[in-house]
Amino acid sequence: MVRTDNIRKSFWDSKTGETKAVDGVNIEAHPGKIFGLLGANGAGKTTLLRMLATVISPTSGTASVDGFDIVKEPEMVRAHIGFLSNSTALYGRLTAREVLEYFGALYGLRGSRLKERMDYVIHKLQIEEFVDRLCDKLSTGQKQRVSISRAILHDPPVLILDEPTAGLDVVISQTIMEFIEEQREQGRTIVFSTHVMSEAERLCDNIAVIHDGSICGEGTLEQILQAANTDRLESAFLKMVGYRREVSA
Amino acid sequence: MNRSIIILLKEIREMLRDRRVRNAAFVTPVFMIVIFIYLFGVIEQNVKSKRALPLAFVNAQSNQLSEAIRKADGVTVEDAKSVDEALQMRKDGAVLAVVDFKSDFDKTLASGDASVTIYYDSSEPLSSIAMSAVRETVNELNKSEAQAALKQHGLSTKLLEPITLTAKDIQKKTGLAGSAIVGLIPYLIVLWAFYGGFSIVSDLVAGEKERGTLETLLVSPVTRRQVALGKFFSLAAICFASSMTTLVAVVVVGFLNLPMTRALFPNGLQISALSIIELLAILVPLVVFFAGILLSVSAYAKNTRESQTYLTLVSFLILLPAIFSQFIGFTGAQHATWVRFTPVLNSAVAIREALLGTLGFTPFVAAVAVSVVLGLLMLKVSVWLFSREEILTRV
């Protein structure tokens, strides 16, 4: 389970002053469910997910991931999550197998347990064919499959996925969405961010619309549509973020 | 296994697979040392070998001095009609110097009042050598003339040299004493201790930030401190290995005893076990210091481009003392207290003395202590930079 408690994050810059990237967000994601963060670029999705992954700290408020506090127990939080985004890359001069062995060791997997998990993810993501090839030599799709293998290698109860399909073609995106659905079936808690409406519609059990760092709508797909009095998620989203069509004179 | 060690081993594996690192940290130092030693050998051999010294004579009647000069080693003579003609020959490069005996040379020689003028170019080493050869012959002739005069008056020829100077070289015939490249080796050792790491460090943090692999690492359960330490010690290992490659190359080239390099090691290549221990003790904290600087810059930079810009500036600060160490023998400052406490310079000077087998206890301790303090400080700075959010967000 993932729960945030009035979490905030501000960045300070000498030119622009203080920027509130996340401003008092409260969300709750449950095992066996996909929680979707739907927002435009710069809405605060990545900052929120990075705080959940403990790579940055909240300015105030906190969150718990699988029962561990992100401020007080960051290493335990990271040991219990699988994190994947379009910016989490692989080491080009290592083979896919070496990448998995490396992260397996960092997650504390040893001996037969490491071998068992590696065999599982290699078979599950069908990477046998290129597992001994350098990551630099892999195609985008192959790399993404290795990244997914890396993210679930330690069998984490929580998956945090930050726009995992951004920049990928429709076939690779399909593979990733199928993977996310499978992970839900296995009972993992999944927090998934996207700005693609069709992905949110297909995958998410609960959706939170985030804009300027704040949640401006939350619920199931049906509840969101009902609240916005529309039958299209895109229209509901635009309404919630206060989009107004510019009319030229 | 400790997570820092897991990271260290992975970094070293990745670095060694990078052709740029292999070339910059290992191939280039070997190549450079071979080239340097070869060139030094060629220069030394040329300086020591007898070479032709073409001279132009003006007003050279057959006299005692001109005959003596003609007989000097390597001297060949062309007669010119006037000083102007001879100077033109000098300008054209046909001769190295011009000797003008004056028209009344023979007459004045008999009266002990002869003078001769030599025209040479002090900016040309060979012209200066030709001038020295002539001066030496003049001195010899003066001496023999004076001896003859003394004998004629029944006086002892010892009056010419009432004081006898005996020069004894007290240089220890140990280590690389007497080797012309002993000033160069410490410079190259220090140079590659820095540049070995320079070749990879931008990739190590700033590059990982750009490619997104740093985020992949930071979302695993490792602490920032473990990441910093793993990267730090892998970088220090490469700096150390690159630096050692230089020394190994010197040893290998020295032992090969090639004709061109033989003259560079007049006492043979003798590096004692103590010298090696001293050298390693100086080098280890120095590479820790360098690794700390390099890693801090890379951790601070937004991207590899910014990292390389900062590193280029930093490299000047690091390498200036190293370059100065080559010439410190000419300044007389090598034993000054400020040298012993100047980072990098003190290490280079101490390495030179270790190779010569003359390193004292205090300079050794000072060099090690300064590098240890700065190394620990830079390690702390590196760990602190990794603990900041900017390690990911400053892009």
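Chain A has 9 helices and 11 strands, helices being DSSP runs of H or I with at least four residues and strands runs of E with at least two, numbered from the N terminus. This is a predicted model, in which local features need pLDDT of at least 70 and side-chain atom pairs count only at pLDDT 80 or more, while totals for chains, interfaces and linings use all residues. Residues are numbered from 1 along each chain as its sequence is written, and chains are lettered from A and ligands numbered from 1 in the order in which they are written.

The C-alpha atoms of chain A fill a box of roughly 65 × 40 × 40 Å along the principal axes. Of the 249 residues in chain A, 44% are buried (20 or more other C-beta atoms, placed from the backbone, within 10 Å of the residue's own).

The contact between the chains takes 20 residues from chain A and 21 residues from chain B; two residues are in contact if their C-beta atoms, placed from the backbone, lie within 7 Å. On the side of chain A that touches chain B, the largest share, 4 residues, comes from α3(A).

Within chain B, the axes of helix α7 (residues 184-211) and helix α11 (residues 273-300) come within 9 Å and cross at roughly 30 degrees. The axes are lines fitted to C-alpha atoms over the stretch in contact, with angles from 0 to 180 degrees between N-to-C directions. α7(B) and α11(B) are therefore roughly parallel to each other, a term for angles under 35 degrees. Among the residues making this contact are Phe194(B) of α7(B) and Phe290(B) of α11(B).

Methods. Angles under 35 degrees count as roughly parallel, over 145 as roughly antiparallel, 65 to 115 as roughly perpendicular and the rest as oblique. A residue is buried if 20 or more other C-beta atoms lie within 10 Å of its own, exposed if 12 or fewer, and partly exposed in between; C-beta atoms are placed from the backbone.
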